[in-house]
Amino acid sequence: MDMRVLTVDDSRTILAMLHHTLTNAGFEVLQAENGQVGLDVLGRESVDVVITDINMPVMDGIEFIKNVRASGKYQSLPILILTTETSQDKRDQGRAAGGTGWIVKPFDPEKLISVINKVVH
């Protein structure tokens with residue numbers, strides 16, 4: 001069975017890069033342009049891992065993660081934060097919200113795949 005990844009980012013460029021990287025690695029990719037759309041997707045689809053940005057309109061990544069964790073269904077779902085943010089404060093917020101890992105943009109495709117495989121298995 002293919003692993004399903006939900007990518008949440010307001011940048012079309014990043015979504016396209018993630019889609020390319022992940023589909024080439026054999027993953028099935030679902031996409032959302034902000035946290036609210038991400039929650040909508042999770043409401044109707046099951047995924048193995050989520051990759052989310054922090055800075056997005058409508059609902060940012062921290063709120064998105066808090067909402068995902070508040071749903072009993074996704075307590076153990078790995079959520080990777082992919083962001084340009086490097087501050088310790090943001091990292092702490094991400095961890096406190098329930099983020100599993102932190103990856104700084106621009107991402108290295110091989111490292112990203114390796115991290116996904118680590119958090120899912």
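This is a predicted model: local features need pLDDT of at least 70, side-chain atom pairs count only at pLDDT 80 or more; totals for chains, interfaces and linings use all residues.
For a sense of scale, take Q88, which lies 83 residues from V5 along the chain: the C-alpha atoms of V5 and Q88 are separated by 26 Å.

## The parallel sheet

Let us step back to the sheet. The model has an open sheet of 5 strands, arranged as β2-β1-β3-β4-β5, and the pairing is parallel. Its edges are β2 (28-32) and β5 (101-104), each of which pairs on one side only. On average, and with direction ignored, neighbouring strands of this sheet are turned by 20° against each other.

## Strand β3 and its partners

Strand β3 has bridges to β1 and to β4. With β1, the pairing is parallel and runs over 4 bridges; here T7 has I51 as its bridge partner in β3. With β4 (residues 79-83), strand β3 (residues 49-52) is also parallel, and 3 bridges join the two. On this side I51 is partnered by L80 of β4, while V50 stands opposite I79 in β4.

In a regular strand the side chains alternate between the two faces of the sheet. Which way do the residues of β3 point? V49 and I51 point one way, V50 and T52 point the other way, and all are buried.

Is I113 buried or exposed? Its relative accessible area is 17%, so I113 is buried, given that the cut-off is 20%. Apart from neighbours within four places in sequence, I113 is in contact with T21, L22, A25 and F27. A25 and I113 are 88 residues apart along the chain, yet their C-alpha atoms are separated by 7.4 Å.

## How α2 and α3 pack

Two packed helices are described by the angle between their axes and the distance between the axes. For helix α2 (residues 35-44) and helix α3 (residues 61-70), the angle is about 25° and the axes are 9 Å apart. Angles under 35 degrees count as roughly parallel, and α2 and α3 are therefore roughly parallel to each other. Their crossing is right-handed.

Which residues meet at this contact? From α2 come G35, G38, L39 and L42, and they meet F64, N67 and V68 of α3. Sorted by class, the contact of α2 with α3 has 4 nonpolar residues, 3 polar residues and no charged ones.

Technical notes:
Residues are numbered from 1 along each chain as its sequence is written. Side-chain values use heavy atoms; hydrogens and water are left out. Axes are lines fitted to C-alpha atoms, for helices over the stretch in contact, and angles run from 0 to 180 degrees between N-to-C directions. Angles under 35 degrees count as roughly parallel, over 145 as roughly antiparallel, 65 to 115 as roughly perpendicular and the rest as oblique. A crossing is left-handed if the near helix is turned anticlockwise from the far one by less than a right angle, and right-handed if clockwise. Contact means heavy atoms within 4.5 Å. Ala, Val, Leu, Ile, Met, Phe, Trp, Tyr, Cys and Pro count as nonpolar, Asp, Glu, Lys and Arg as charged, and the others, Gly among them, as polar. Two strands pair if DSSP finds at least two bridges between them. Buried means under 20% relative accessible area, exposed over 50%, partly exposed in between (1.4 Å probe, protein chains only).
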